[in-house]
2 protein chains.
Amino acid sequence: MRTSIATVSLSGPLTEKLTAAARAGFDGVEIFENDLIGSPLAPEEIRERTADLGLSIDLYQPMRDIEAVPDDVFARNLRRAEHKFRLMRRLGVDTVLVCSSVSPQALDDDALAAEQLRRLADLAQEYGIRIAYEALAWGRHVSTYDHAWRIVETADHPALGVCLDSFHILARGSDPAGIADIPGEKIFFLQLADAPLMALDVLQWSRHYRCFPGQGDLDVAGLVRAAVRAGYRGPLSLEVFNDVFRQADAGRTAVDAQRSLALLQESAGLTAPPAPVVPTGFAFVEIATADTARITPLLSALGFSRTARHSGKPVDLWEQGEARILLNTDTDTGSHRPDPSLTAVGLENPDPAAASARAESLLAPVLPRRRAPRDAPLDAVAAPDGTEFFFCATGRPGHPGWTGDFAPAPHTPGGIGVTRIDHVALTQPWHQFDEAALFHRSVLGLRPHASIDLADPYGLLRSRAASNPEGTVRIALGVGASPTDDSARPQHVALATGDLVTSVRRARAAGARLLPVPANYYDDLAARHEFAPGELETYRELGILYDRDEKGEFRHCYTVTTGSLFFELVERTGGYDGYGAQNAPVRLAAQRT
Amino acid sequence: MRTSIATVSLSGPLTEKLTAAARAGFDGVEIFENDLIGSPLAPEEIRERTADLGLSIDLYQPMRDIEAVPDDVFARNLRRAEHKFRLMRRLGVDTVLVCSSVSPQALDDDALAAEQLRRLADLAQEYGIRIAYEALAWGRHVSTYDHAWRIVETADHPALGVCLDSFHILARGSDPAGIADIPGEKIFFLQLADAPLMALDVLQWSRHYRCFPGQGDLDVAGLVRAAVRAGYRGPLSLEVFNDVFRQADAGRTAVDAQRSLALLQESAGLTAPPAPVVPTGFAFVEIATADTARITPLLSALGFSRTARHSGKPVDLWEQGEARILLNTDTDTGSHRPDPSLTAVGLENPDPAAASARAESLLAPVLPRRRAPRDAPLDAVAAPDGTEFFFCATGRPGHPGWTGDFAPAPHTPGGIGVTRIDHVALTQPWHQFDEAALFHRSVLGLRPHASIDLADPYGLLRSRAASNPEGTVRIALGVGASPTDDSARPQHVALATGDLVTSVRRARAAGARLLPVPANYYDDLAARHEFAPGELETYRELGILYDRDEKGEFRHCYTVTTGSLFFELVERTGGYDGYGAQNAPVRLAAQRT
């Protein structure tokens, strides 16, 4: 279906919004009235600009507080509407959104509403314009889409139809199944937005917290299916009021928006892009540093050995069990980030080429195969935070093997018991948290978990993990309390061990510097749980944190931070599925000390 | 009464919180459990630190999900509690907050709750500890203070009383009059927080949007009066969960908190600090610039004349009607700000010395009288954003006259019809918006108006005006969409005229550069209002914006910005009481073009 986006969903002056929408591949836009009023361009110039950009103007919006009012008020409203119809003709747009009235002057009289909307449609028709009547969730007398449709049906005018808005319908808990009762040709427009579930006044919720489909909790795909089954053939248009998008770069937001519509159309069964290929494990993480000495003592103490060196590049492979770390001293790579920092993640994928095709279809920036000619051609994409994700098939015949580029280096096998990478935690730029969650879900095929708040001494952090169903790929996305925290975004790599106590003893003996845990933490643990004799004392001695859920136990500890990077050692037992969120404030306080 | 503050109300590590509370003059603190758990200091060291700082520890909090549970669960809860009692003894604190249970295991059984709380109190008494039982607004079975009191009354134990929290009581709309039924000695603790009225789930409201008394909409003073009448003699303690305070500097927040308690005690009739002295008008605004040529052409075009020069400093007085502008080229003054920028505001005050005494009693930084020996000794304070406010008595005998420091300069009387300063608009640092509103209310004696959102192309701005009852002193406080906007905070001075059209024609003729207003704005005005013949065309020709409210009309226009500063020309008729908020998005868009 055609795609469209309301200018209010993007930041900046109108011309920048139009350019961003066109570049992201939208077919059209809704012009939000205030964007036009604030623009120095005449309507004819806006019309020309959109045409030059290959965009249609699909809707002018909104017209408010028109219907079900006393005669003298309605006469003034008609006069006001005619002004706007003239403007729309100059703009070259043939559909206008009329919201159900919120005015205290509006009467609870459907017959009057229908009669006045018919008169409005009569006038609109003279200008070649169609009226799309929408029920605002907080409309004074009309607040549900079926009510709006009954009025439109009563008015029975060819230039009058309904506009369906997924937020207004789903936020009120209305059943979209009733859309089937509306003839498709009377659904003049479909506006789409998602939102996280919030116990919030619906008007505030609507004006500040809408997000793109797939970023929230509403079943927008179900609503789209219902509208298409009813015969709707207009554009899928995003109308998203969101305090973060208002500040974010319009170009990125527009791409994020297009990605959400691609996923939405797939979810609604309207398109069949290349299917997601869910990753099965971590192949490696890559760390960039100008000087390996900043990080190799820690890697060694954590039991890693340098097992190989890249044949054509200053890249070392460090291994322990199935955990692999690439150390890249190509200084270009890490120049804008703290040193060392995590720059890439390799994910084991059953079909790397198919995964790459899916990523491309979802507008993920596919990276040039920047490896040297004799390197294996690995497919990779850039996540919103700039982290590169490689699709790997380590050691599987018939696939390009990235390990073939490495020449073995002499080393003594050893280790502290690390078996694999448990999870990777990446702090996101403040404006891109929802975008990142959607990327990890749609492009990488991971399942997002609930978003939680973590108390840091200087503000609340938000964290949201995504994983594959088996829990063998886990990525925790975090975001700081405010945009000012963007400069040095912490990242960490959690390493799995089957016996944390032994691993920690060995790491300490090898000189690993672990994050000190306050004694008060253990006094509190003693109050909260009962432990086997000596168990708590061991944790206290070694600085191990402890959590349990209904399924199992979690023991973990952290190294100190170097650059923006630190490591975690974790032991999961009995199917524990979390990340020790209960202990995060203690860790964050210790990192601030 | 004694003052106290919960550590959770301040940002940073525990030791910084304690220092900030002590420096701001608090008598004691509530230790929030997570702050202790995250601290590397042992309980004994925390006890010592607070004592060294002259602080008492008034409360340990919180203990959760204790009461009204099956026997085996209660046995575990008692064990957990005893751990905490031991900790409290090490800490030297004798009162613990127990919140009403939110656990799904809790039973709706007041008799059981009372019996288990009695047993808890028995155990506490062995440790010399008192239990203060508080009804959480979202408690599973106990969510109102009178219900909590009934249970405490039933339990009838000397070591068991209630804790009253103004947020939990007022957010639910409970009537604090019932506090009179509780014997004062059974009110073990009083926690105070205010909050703006919000249609929001009460738990989210409580955890993110509490603020200090006087910064929100709750009648905290009424509740304090009720508690004091009931015989409560413990500390007034602030427990404020607020997403902004979590990020802000703890030292400033603590001072802001103390100011709010000072105002609260005055409002509750507990203290009588020097009474507020409401200002009656603007004496002057002071603009700092390294080079007067940056601003004098604009002042001249706006009809101002240089009427005098300071006898000892590089300060010029520019006048028109009752509007006075000081141009200060003392480069030290404005060195950290964009050039030119507004650095000081003189307010006409009936009793400058009394106003200064009040400011001092409310912890406003009273400025040294930094004028030269022969200068008039003007009293002045610094607002949270650094703007200096002078208390003036221009031309009134018996008061120091600041104009006496100026020697008249030859000039030709003229002007464009400006009569006085209408208002001053100051953008606040992001973390200090609520602090600023409280400052302007409590220290300057202005009445705050409702807070509104204004759409800027790059995010929503918040704006809140404060004025004297006559509307002759108006100050509009604004704040950007996010902390990143702090670098160049726009300020503007609005100048009143009785005939805006004439004033604008004269200003334009004299070369004033006014902000261009898009033609689309006037098309929209034509749709919204009917005008006399030619009226709208005049506005369009001159770039005048228009608004009306139920009382009157408002015409205004803006100059272009220089440094961070611009001017507005305004004409109010018929008692219009606003600031043209309807037109702000157009102005903001034009300023971004």
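1. A word to begin with: a residue is called buried when its relative accessible area is under 20%. Keep that cut-off in mind as you look at strand E2 (residues 28–32) of chain A. A:Gly28, A:Glu30 and A:Phe32 point one way from E2(A), while A:Val29 and A:Ile31 point the other way, and all are buried. With 5 of its 5 residues buried, E2(A) is largely enclosed by the rest of the structure. Please remember throughout that this is a predicted model.

2. Staying with this strand, which strand pairs with E2(A) in the parallel sense? The partner is strand E1 (residues 3–6) of chain A, and 3 bridges link the two. To find the pairing on your screen, look for A:Ala6, whose bridge partner in E2(A) is A:Glu30.

3. Now turn to chain B and its barrel. Here 8 strands close up in the order E1-E2-E3-E4-E5-E6-E7-E8, with parallel pairing. On average, neighbouring strands of this sheet are turned by 30° against each other, direction ignored. Helix H9 (residues 220–229) of chain B packs on the sheet, where it touches E7 and strand E8 (236–238) of chain B. The direction of H9 makes about 170° with that of E7(B).

4. Strand E6 (residues 160–165) of chain B runs parallel to strand E7 (residues 187–192) of chain B, and 4 bridges join them. Opposite B:Asp165 you will find B:Gln191 in E7(B). As background, strands of a sheet pair through backbone hydrogen bonds, either parallel or antiparallel.

5. Both kinds of pairing meet at strand E24 (residues 565–573) of chain B. On one hand, strand E21 (residues 491–497) of chain B pairs with E24(B) in the parallel sense over 6 bridges, and B:Leu495 has B:Leu569 as its bridge partner in E24(B). On the other hand, strand E23 (residues 553–558) of chain B runs antiparallel to E24(B), joined by 6 bridges, with B:Glu553 standing opposite B:Thr573. E23(B) and E24(B) form a hairpin with 6 residues between them, and B:Gly563 in the turn has a positive phi of about 65°. Is E24(B) mostly covered or mostly uncovered? It is mostly covered, as 7 of its 9 residues are buried.

6. Next, the relation between the two chains. Chain A can be laid on chain B by a turn of 180° and a shift of 0.0 Å along the axis, with an RMSD of 0.0 Å. The two copies are thus related as by a two-fold rotation axis. In chain A, the C-alpha nearest the axis belongs to A:Leu200, at 2.2 Å from it.

7. How do the copies touch? The contact takes 48 residues from chain A and 49 residues from chain B. Because 100% of the interface residues of chain A are also interface residues in chain B, the copies meet through the same surface. Between them the chains bury about 3900 Å², 56% of it on carbon and sulfur atoms. A:Ile37, A:Tyr458 and A:Asn520 supply 16% of the area that chain A buries against chain B, more than any other three residues. How many salt bridges are counted between chain A and chain B? There are 4 salt bridges; one of them joins A:Arg90 to B:Asp523, with the closest N and O atoms 3.2 Å apart.

8. Some backbone details deserve a check. The peptide bond from A:Asp339 to A:Pro340 is cis, with omega near -5°, and A:Pro340 sits in the loop between strand E12 (323–328) and strand E13 (341–348) of chain A. Another cis bond leads from B:Gln61 to B:Pro62, with omega near -10°; B:Pro62 lies in strand E3 (residues 56–63) of chain B.

9. Two residues other than glycine have a positive phi. A:Ala68, with phi near 60°, is in the loop between strand E3 (56–63) and helix H4 (71–91) of chain A, and counts as buried at 5% relative accessibility. A:Leu363, with phi of about 65°, is in the loop between helix H12 (352–361) and strand E14 (379–382) of chain A, and counts as partly exposed at 36% relative accessibility.

10. Lastly, find A:Glu286 in strand E9 (residues 281–288) of chain A. A:Glu286 is buried, with a relative accessible area of 1%. A:Glu286 and A:Leu123 are 163 residues apart in sequence and 65 Å apart in space, C-alpha to C-alpha.

Terms used: Residues are numbered from 1 along each chain as its sequence is written. Chains are lettered from A and ligands numbered from 1 in the order in which they are written. This is a predicted model: local features need pLDDT of at least 70, side-chain atom pairs count only at pLDDT 80 or more; totals for chains, interfaces and linings use all residues. Side-chain values use heavy atoms; hydrogens and water are left out. Copies are superposed by least squares on the C-alpha atoms of residues with pLDDT of at least 70 in both. Contact means heavy atoms within 4.5 Å. Two strands pair if DSSP finds at least two bridges between them. Axes are lines fitted to C-alpha atoms, for helices over the stretch in contact, and angles run from 0 to 180 degrees between N-to-C directions. Buried means under 20% relative accessible area, exposed over 50%, partly exposed in between (1.4 Å probe, protein chains only). Buried area is the accessible area (1.4 Å probe) that two parts lose on being put together, summed over both. A salt bridge is a side-chain nitrogen of Lys or Arg within 4 Å of a carboxyl oxygen of Asp or Glu.
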